[in-house]
Amino acid sequence: MLEKILNFIFLRPFRAGRAMKRFVAHMEGELSDEFLETLLGLMGLVFCLSPEFRRNIEGFSGIYVFRTRDGAVAASAVFSNGRLKKCDKAVAGADIEITFRDGRTLMDFFFAPKPDVLTAMLKQDITLNGNLNYLYKFAYTANHLRLKVRELLG
Amino acid sequence: MATVTLKDIRLQAYTLDTMPLLRQLRDECVNAKAEVCIERARHITEYLRDKSTDNDPIETRYAGAVAHFLSNKSPLFFDDNLLSGTTTTRHFGAPVYPELTGMTIWPELDTISTRNKNPQKLTAEDAKTLNFEIFPYWMRRNILEYARLKIKDPEWMKKNMPDYIHAEGPANCLQLFERLVFFIAGKAGCISHTVPSYRKVLERGLGGIIAEAAEMEARLRADGRLVKENADKIEFYRAVQMALSGINIYAKNLSQKAAELALIEKDPWRRENLTRMSAVCSVVPEKPARNLREAVNCIWLIQTAIHAENINMAMSPGRLDQILYPYYRKDIDEGNITVRDALEIIGCLWLKLNDNTNLVPETAEELYGGAGTVPAVTIGGVDEDGEDAVNDLTYIMLRVTELLRTRDPSMNARYHYLKNSRQYRDRVAEVIVNTGCVPAFHNDVIDIEVLKNQGMTEEHARDYAIIGCVELASGGRSYDASSSIMLNLVSVLELALYNGRRPVTGDDVITKAFGDPARCRGFEDFRDLFEKQLRYIIDEAVKLNNILGRAYQEIMPSPLLSAFFEGPMDRGRDLIHGGALYNSSGATHIGFADTVDSLSAIQQAVFEEKRFSFDELIEALKADFKGHEKMQAYLMNRMPKYGAEAPVDSASTQPVSVGNAAYLTGLLFHICQGHENYRGGRYKPAYWTMTNHAGQGKMSGALPNGRHAGKAFASGITPVSGATRDLAVCLKAVGGLKGIYIPGGEAFNLKYPFVDINDAGDMDRFGSAVEAYFRYGGLHIQFNIMSYEMLLEARAHPEQYQELLVRVSGYSAYFRDLNDAMKDEIITRTAYDLGSGRAEPFPESITPPNLPLP
């Protein structure tokens, strides 16, 4: 009940709808420096709105840092207490740091039909520092979100 | 001593028409679709998470987990196979090992069932269980992450790996591995890759082995000395008892279930079969086997039990024609079975060995695509006394292989040209022609010497068996971990060419800038740069392997598997702690031929002829020869090629490619053998590649041998396709490599477009070529008997070639399951006309990987 009240107060459904539109635009190829923020933002909102989706992060804590080699993009996702908090800079103490070749590679990775960690590593599109299992989990969550969005859009 | 009593070694009277059971089972096997099975993952995770703690002693803790799974393993009967037991809960299952490779499919949980390449069905419910219950437990506990945390722990490194603490930092090896284009650290996904021995369990039953472990434990307890070594041994013996008891419970559950099913079965044949299976499982594996059916079922149950503890990769049953022969002989002599019965029982085992596959992410299908679990069976050769070991079962197993033509087991025929009969040699050749690709031939004369050179006794060396693809082991005596390192030699070459960088990794200096090759004054200077890079990469790969090995020792012992080896039970020491009689780690190398040819091109074109400068060469490579077509044509067609030049008697005048091939194999042997693994054994260099030569080829730039960027390398130790037009010269060149420098095994892939099995001349040429190659000194040879045109047709119309089996590089795969790059690589392998010994011209539609573009 409290969750529903908070969702209403913070206009989360409305914000999720807007984020979803931006997300879909990125899925269809529109590149912008804000796409990672869009992804993390939408993910965070959906975690609030969907108990089923939130189950993926119940009891889970982890810090992800995403960046591009040229430094144009840097963002962190902090999971704790069933929430995702996004930061627009690298946070210390990351469980995994993922460095992408460039912004396009980062976007292609997350919005590909399926995020392929191993191919990205083979092609040197990403380099990693940290616990690879965290990336696997994140890739699953992002892919799951993408499939859900497609499902919702029909 | 050889004992062949069969009237017809070809067993022509026995076909799938006369053995409809095998036909039915085979059809079901070939058409089965892979399904993910989480039963093992669930039980193992449940035990470790809920029924034990991280502070429990690891040997008994892990044995407890394995026993818990086996005790609760579903006793299932999917078909009319004569043998009880299944690897998974699916007819054709891919078990999940979350502590090893299982986590790699986490991103694909929603899509693995429908992916393009080799989908594996996963139910939504199982996907949820993996996502919410199983994988979260292993996030910090799977072997790679555990090792990574230890690398970052200075106290752990100081205590366990003090030699690896240096300026570059111990994490360098892990970072290199995570690039995936320098070497693969096999232990991140598995050890397995060994040949256990079933003799003890067949003769004494698990009850006998458990009693032995109990007695050893009791003796140590009675000793009373409170030393850590005793405590470790006691724990090991307890763990063995726990793990093996789990197998007995599984067998009893199978027996009970079979009996229950028999009661309600209406079909008389099925009722009888279930009743018999129930009876078999009430005896084996707890008690000694008394007949062939019990012996075979015992072996199968142990195989499934081993996979409860160790991942299903190349866990190889060994010399089954030798191990099972006493039971066959007794049954036949006493009139208990017929030859037909024996064929059916062996056929059922062959089909059971196909009941599981590896769970891999889609990308791995690109690298290793189409591989089964590669359990290798070895037949023929000599016995421990050095005498002909071929017997009736050898021919029975050949006939079964010929009839069934399944991907697994990976069949290997040992051939001793001084002791085995020509009749046997030619029969193996016939089976290869009839199946199109199996079995592989292994040279007893050289293989035995290779193993003796590694410190094995002559008797143990003579008893060798093949692991997985081509690696050599003494079954139940050597713990070989033969896939520990898979090193990309071309990456080393590129590091030398680009002074510590590779095109695929961009501007990053990966290793060290040992020197600009343009400043080399002679070929020896460049070889020196190459050697420095090679030593650097090998050092890092060995370092990571030893760290991973140490991690296995701490969290993933193998008490169950240890029970089937000589050594552990005497020493009270798990295999992972060096309990086996012989210990080693395998380091295989990818891109051998391309590297040798590139060295030869540099030697001759740059330094001897001075036709191009190094700067010009590098410029052309960076451009992928665009604008440098004449240079490419020269490098392709005028430079010495490995396989196209035969060794000569005088060491000082060896042809260039022969010299470079000898240099490289010798260098790798000495570097690898100079390293010690975490079990006190040596590293054994090998040359088998699975499909890495295609996958790594995609990541590599153009090379001095004229190869274009992104093209597949040559497989195994095989010369580059199109490089050698003369079969005899090719056989001499490859056979002339020093065998004792290849203790890990080699894969030499040859193709004939057609062999007329009804032409005695053709068959004689086939067998004679193998023998000639072995007399030159070659270790191994395997074939694809298929033309360019047929393979092109199979590529274009896969629906018409659903069951086309091909030999990849040490294992067999269905052509339809291979990725496009691998299909092309197999298509463009040089095909030799057996009559003329000349390479067949490529059809116009083919552009082999290394011929210049038109």
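Analyst: A residue is buried if 20 or more other C-beta atoms lie within 10 Å of its own, exposed if 12 or fewer, and partly exposed in between; C-beta atoms are placed from the backbone. This is a predicted model: local features need pLDDT of at least 70, side-chain atom pairs count only at pLDDT 80 or more, and totals for chains, interfaces and linings use all residues. Residues are numbered from 1 along each chain as its sequence is written, while chains are lettered from A and ligands numbered from 1 in the order in which they are written.

User: How many helices and strands does chain A have?

Analyst: Helices (H or I, at least four residues) and strands (E, at least two) are DSSP runs, numbered from the N terminus. Along the sequence, the pattern of chain A is α-α-α-α-β-β-β-β-α-α-β-α. That gives seven helices and five strands.

User: Among contacts in chain A between residues at least 6 apart in sequence, what share joins residues at least 24 apart?

Analyst: Two residues are in contact if their C-beta atoms, placed from the backbone, lie within 7 Å. Chain A has 154 residues, and 40% of them are buried. Of its contacts between residues at least 6 apart, the share joining residues at least 24 apart is 66%.

User: Which strands of chain A stand at the edges of the sheet?

Analyst: Two strands pair if DSSP finds at least two bridges between them. The open sheet of chain A has five strands in the order β3-β2-β1-β4-β5, with mixed pairing. Two of these strands have a single partner each, so one side of each lacks a neighbour in the sheet: β3 (83–87) and β5 (126–130) of chain A.

User: What is the average twist from one strand to the next?

Analyst: Angles run from 0 to 180 degrees between N-to-C directions; axes are lines fitted to C-alpha atoms, for helices over the stretch in contact. From one strand to the next, the twist averages 15 degrees.

User: What is the bridge partner of Val78(A) in β3(A)?

Analyst: Strands of a sheet pair through backbone hydrogen bonds, either parallel or antiparallel. Strand β2 (residues 74–80) of chain A pairs with β3(A) in the antiparallel sense, over five bridges. The β3(A) partner of Val78(A) is Lys85(A).

User: Which helix of chain A packs on the sheet?

Analyst: The helix in question touches β1 (62–68), β2 and β3 of chain A. Its direction makes about 160 degrees with that of β3(A). It is helix α3 (residues 35–49) of chain A.

User: Which element gives the most to the side of chain B that touches chain A?

Analyst: The contact takes 27 residues from chain B and 22 residues from chain A. On the chain B side, α4 (124–138), α5 (143–151), α7 (172–179) and α15 (362–368) give two or more residues. With three residues, the one that gives the most is α15(B).

User: What classes of residue make up the side of chain B that touches chain A?

Analyst: Ala, Val, Leu, Ile, Met, Phe, Trp, Tyr, Cys and Pro count as nonpolar, Asp, Glu, Lys and Arg as charged, and the others, Gly among them, as polar. By that scheme, this side has 13 nonpolar, seven polar and seven charged residues.

User: How do α3(B) and α9(B) stand to each other?

Analyst: The axes of α3 (residues 58–72) and α9 (residues 228–264) of chain B come within 8 Å and cross at roughly 5 degrees. Angles under 35 degrees count as roughly parallel, over 145 as roughly antiparallel, 65 to 115 as roughly perpendicular and the rest as oblique. Helices α3(B) and α9(B) are therefore roughly parallel.

User: Which residue does a cis peptide bond join to Asp408(B)?

Analyst: Most residues other than glycine have a negative phi, and most peptide bonds are trans. Here omega is about -5 degrees. The partner of Asp408(B) is Pro409(B).

User: Where is Pro439(B) found?

Analyst: The peptide bond from Val438(B) to Pro439(B) is also cis, with omega near 0 degrees. Pro439(B) sits in the loop between α17 (422–435) and β6 (440–443) of chain B.

User: Is Ala481(B) buried or exposed?

Analyst: Ala481(B) has a phi near 40 degrees, positive in a residue other than glycine. It lies in the loop between β9 (478–479) and β10 (485–488) of chain B. With 31 C-beta neighbours inside 10 Å, Ala481(B) is buried.

User: How many other C-beta atoms lie within 10 Å of Arg405(B)?

Analyst: Arg405(B), not a glycine, has a positive phi of about 50 degrees. It is in the loop between α16 and β5 of chain B. Arg405(B) is partly exposed, and the count is 18.
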